[in-house]
Amino acid sequence: GTPLQTAAERGLSRALKDFFAAHYVTERMCLCVLGRNPLAELETMVHKHFGPLPPTPEASRGQGCAAAGPAQPPGPEGAEGPPFSPSTLGRVVYYSPIKNLNQITIHWMLPNTEGRNRYARPHEFLEYLLGTQAEGSLNDVLQTQGWLEGMACGVEASLREWEVFQLSVDLTDKAEASRLKEDIIAFIFRYLDMVRHSPTEALRKIHGQLQTLSELDFRYSERGDSEWTAESIATNMLHYPMEDVVAGDYMMEWDEGLLREYLTYLDPAKSIITISAAADFQQAVDCEVHEEPWYRTQYKTKDIIKCSDMLQKAARQEMLSSQALEEASHTLHLPNPNPYLPTDFGLRAEAVRAYSLQHGGKPVLEAQNEREQLFKTPPHLLDGSPGHRLWYKMDGTYRMPRCAVFIRLARPQPTDLPTLEWELQVYAFLEFLLEVMAEQIQDAQTAGLGLEVGVNITDVSLDFFGMSQHLPAYMLRVLSTLRHLTDSLADYYSLGTDHIELRRPPLTDHEVSSLAKKFEAVCW
């Protein structure tokens with residue numbers, strides 16, 4: 001029987017002790033020691049503290065670390081099977097949540113490919129294609145129509161042979177109609193069908209981008225906490241051969257056969273579709289009514305075959321009720337190449353010794369240690385024109401192809417707006433900027449470029465950081481969009497000689513309260 005059945009028969013305490021004795025053994029242990037001590041000293045410490053451990057019992061042998069051989073990670077016998085039974089798949093579930101939700105969630109039971117090719121990572125490929133906000137994507141179309149509140153996807157649970165992949169779509173109030181949700185579900189499966197039938201070369205290009213970004217994440221990762229690093233390596237020893245325990249999580253391989261097999265599971269008949277909305281629960285007909293045992297919540301289910309209209313729409317055998325979605329479904333395409341993917345990793349100051357900085361009208365003398373000299377050198381004022389200051393400081397410590405630009409826009413003085421209202425209105429405008437640029441920001445983040453915006457009682461901040469090559473272009477694009485928005489919203493602004501001040505109509509008490517809560521949650 002299963003471990004739980006065995007525990008019930010023998011008593012929980014005895015079963016736990018037996019399980020510990022059988023599985024928490026030295027052959028299944030992976031140890032990583034990280035320190036600045038000499039290697040011989042570290043080995044002595046290991047022998048001292050771990051040498052006395054008892055040998056593995058004969059009955060528990062043969063399931064050691066992957067780094068020590070081909071054995072698989074340990075797992076209790078008979079404890080695992082498919083997460084869903086065949087009769088559970090291909091069904092639609094309706095329930096009425098306590099919260100005011102309007103959500104579609106789709107689950108797929110997918111094969112865990114780690115045992116066949118641990119570096120293929122098809123789930124990461126799928127996460128990117130479903131989560132991207134690029135033109136022609138699910139996100140792009142649903143947001144354009146004003147129906148999408150948010151979207152998330154990824155592996156929800158991972159077992160030795162199976163994994164559960166989830167796509168969650170939060171809809172706005174504009175998408176309350178049941179027929180529209182049916183269209184959106186059919187639209188999702190049309191998108192997946194487009195991915196499934198995409199040519200090899202197109203899929204491989206996207207995979208190549210993800211592979212490059214993963215390599216960059218490893219090559220130029222910031223120094224992490226030593227305790228976390230040791231724990232990560234020890235865990236990786238359960239899954240990777242010894243030569244890959246450090247970089248294994250960042251390694252990706254193109255395996256078209258495995259990827260296409262993975263994509264065949266993304267079919268309506270192999271999914272569980274959950275619609276969380278009170279109105280849909282009430283309107284659902286031809287369903288079986290159930291009550292879950294813990295909270296006594298009622299829900300309805302029906303076989304997806306009974307949703308013939310949705311299936312026919314998903315298979316393009318019938319037009320979608322929404323003309324906008326129907327037209328968009330014919331223009332769906334894979335994401336375009338990421339324009340921010342770096343290819344130049346040269347340092348801006350290759351010869352640190354030759355670097356000379358004018359400071360205070362006098363040349364800075366070279367020190368014996370150039371990095372120390374650069375660290376001690378204060379920022380240099382490149383431009384002190386009226387109205388702005390431009391400072392520059394070269395990094396000589398990390399020597400990475402990264403840079404950072406910090407922009408501070410001083411609050412206009414004097415201003416007749418109260419401090420809180422000024423902060424809230426600027427914050428709302430910055431949120432608008434981020435929403436307008438969502439696609440570009442996601443591409444930039446994927447390629448290792450960051451943007452942080454904020455506002456306080458004295459200034460507005462825009463901070464850019466990441467790989468050097470495309471950061472200037474990204475920064476200029478954000479700033480030009482910011483300027484375009486201020487020009488487009490001129491009716492809400494008062495133009496002065498020295499500043500542009502936000503002058504939208506006074507906020508209502510509800511707006512102030514709503515924005516204040518959001519502002520407080522983000523900034524404090």
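Reader: Which residues touch the most other members in the largest nonpolar core?
Author: Trp108, Ile184, Ile273 and Leu325 do, in a core of 53 residues. Keep in mind that this is a predicted model.

Reader: Which helix gives the most to this core?
Author: Helix H6, residues 178–196. Its share is 11 residues.

Reader: Back to Trp108. What does Trp108 touch?
Author: Leaving out residues up to four places away in sequence, Trp108 touches Glu163, Val164, Phe165, Leu167, Phe189, Leu192, Tyr265, Leu266, Asp267, Lys270 and Ser271.

Reader: And what other core lies apart from the largest one?
Author: One of 29 residues. Among them are Leu216, Leu341, Tyr474 and Val478.

Reader: New topic, helices. At what angle do H14 and H16 pack?
Author: About 120 degrees, with the axes 11 Å apart. H14 covers residues 419–436 and H16 covers residues 471–488. H14 is therefore oblique to H16.

Reader: Is that crossing of H14 and H16 left-handed or right-handed?
Author: Right-handed.

Reader: Which residues make the contact?
Author: From H14, Phe429, Phe432, Leu433 and Val436. From H16, Val478, Thr481, Leu482, Leu485 and Thr486. Seven are nonpolar, two are polar and none is charged.

Reader: How do H14 and H15 cross?
Author: At roughly 75 degrees, and their axes come within 5 Å. H15 spans residues 438–446. So H14 is roughly perpendicular to H15.

Reader: Who makes the contact there?
Author: Leu434, Glu435 and Val436 of H14 meet Ala438, Gln440 and Ile441 of H15. By class, that contact has four nonpolar residues, one polar and one charged.

Technical notes:
Residues are numbered from 1 along each chain as its sequence is written. This is a predicted model: local features need pLDDT of at least 70, side-chain atom pairs count only at pLDDT 80 or more; totals for chains, interfaces and linings use all residues. Side-chain values use heavy atoms; hydrogens and water are left out. Axes are lines fitted to C-alpha atoms, for helices over the stretch in contact, and angles run from 0 to 180 degrees between N-to-C directions. Helices (H or I, at least four residues) and strands (E, at least two) are DSSP runs, numbered from the N terminus. Angles under 35 degrees count as roughly parallel, over 145 as roughly antiparallel, 65 to 115 as roughly perpendicular and the rest as oblique. A crossing is left-handed if the near helix is turned anticlockwise from the far one by less than a right angle, and right-handed if clockwise. Contact means heavy atoms within 4.5 Å. Ala, Val, Leu, Ile, Met, Phe, Trp, Tyr, Cys and Pro count as nonpolar, Asp, Glu, Lys and Arg as charged, and the others, Gly among them, as polar. A nonpolar core is a set of buried Ala, Val, Leu, Ile, Met, Phe, Trp, Tyr and Cys residues joined through side-chain atoms within 4.5 Å. Buried means under 20% relative accessible area, exposed over 50%, partly exposed in between (1.4 Å probe, protein chains only).
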